[in-house]
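Biologist: I have a model open and would like to go through it with you. Can you start with the terms?

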Amino acid sequence: MVSSTVNVVRYTALLSGIAYGWYHRKSLQAAYDNHKREEAIHQREKLIAEAKDAWKRKQEASSDTNLVTDPEDPRFDLEKLIAKWEKSS
């Protein structure tokens with residue numbers, strides 16, 4: 001026969017283990033969620049930086065040329081305009 005003191009110790013240990021497991025899982029899940037959130041933010045910042053760089057390169061490429069696109073301008077050259085369109089495509 002098992003004494004009542006041993007049963008109290010057993011169930012106390014069982015409930016303590018369950019409470020600890022619940023708390024530990026909760027803290028691990030919170031750390032994981034925080035890590036994923038930070039990773040997503042970092043990824044978005046990286047994509048935004050890449051898009052800004054691409055936009056700057058595109059703007060620099062278009063501003064580097066002295067190409068006149070206005071057909072009314074006397075300096076307008078259709079061949080240069082077509083060559084630029086072919087290059088950008």
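Modeller: Patches are made of residues with over 30% relative accessible area and no salt bridge; like charges are joined within 9 Å, and nonpolar side chains (Val, Leu, Ile, Met, Phe, Trp, Tyr) within 5 Å. Accessible areas come from the Shrake-Rupley method with a 1.4 Å probe, and for residues only the protein chains shown count as cover. A salt bridge is a side-chain nitrogen of Lys or Arg within 4 Å of a carboxyl oxygen of Asp or Glu. The model is predicted: local features need pLDDT of at least 70, side-chain atom pairs count only at pLDDT 80 or more, and totals for chains, interfaces and linings use all residues. Residues are numbered from 1 along each chain as its sequence is written, and side-chain values use heavy atoms, with hydrogens and water left out.

Biologist: Which residues make the nonpolar surface patch?

Modeller: Tyr11, Leu14, Leu15 and Ile18, with an area of about 450 Å².

Biologist: Where is Leu15?

Modeller: Leu15 sits in helix α1, residues 4-64. Helices are DSSP runs of H or I, at least four residues, and strands are runs of E, at least two, numbered from the N terminus. Leu15 counts as exposed because its relative accessibility is 56%; the cut-offs are under 20% for buried, over 50% for exposed and partly exposed in between, with a 1.4 Å probe and protein chains only.

Biologist: What about Ser16 and Ile48, how far apart in space?

Modeller: 48 Å, C-alpha to C-alpha, for 32 residues in sequence. Ser16 belongs to helix α1.

Biologist: Changing topic. How many salt bridges are there?

Modeller: One in the whole structure. Arg75 pairs with Asp73, and the closest N and O atoms are 3.3 Å apart. Arg75 is exposed, at 62% relative accessibility.

Biologist: What about overall shape and secondary structure?

Modeller: The protein has two helices and zero strands. Its C-alpha trace spans about 110 × 15 × 15 Å along the principal axes.

Biologist: How much of the protein is buried?

Modeller: Buried residues make up 2% of the 89.
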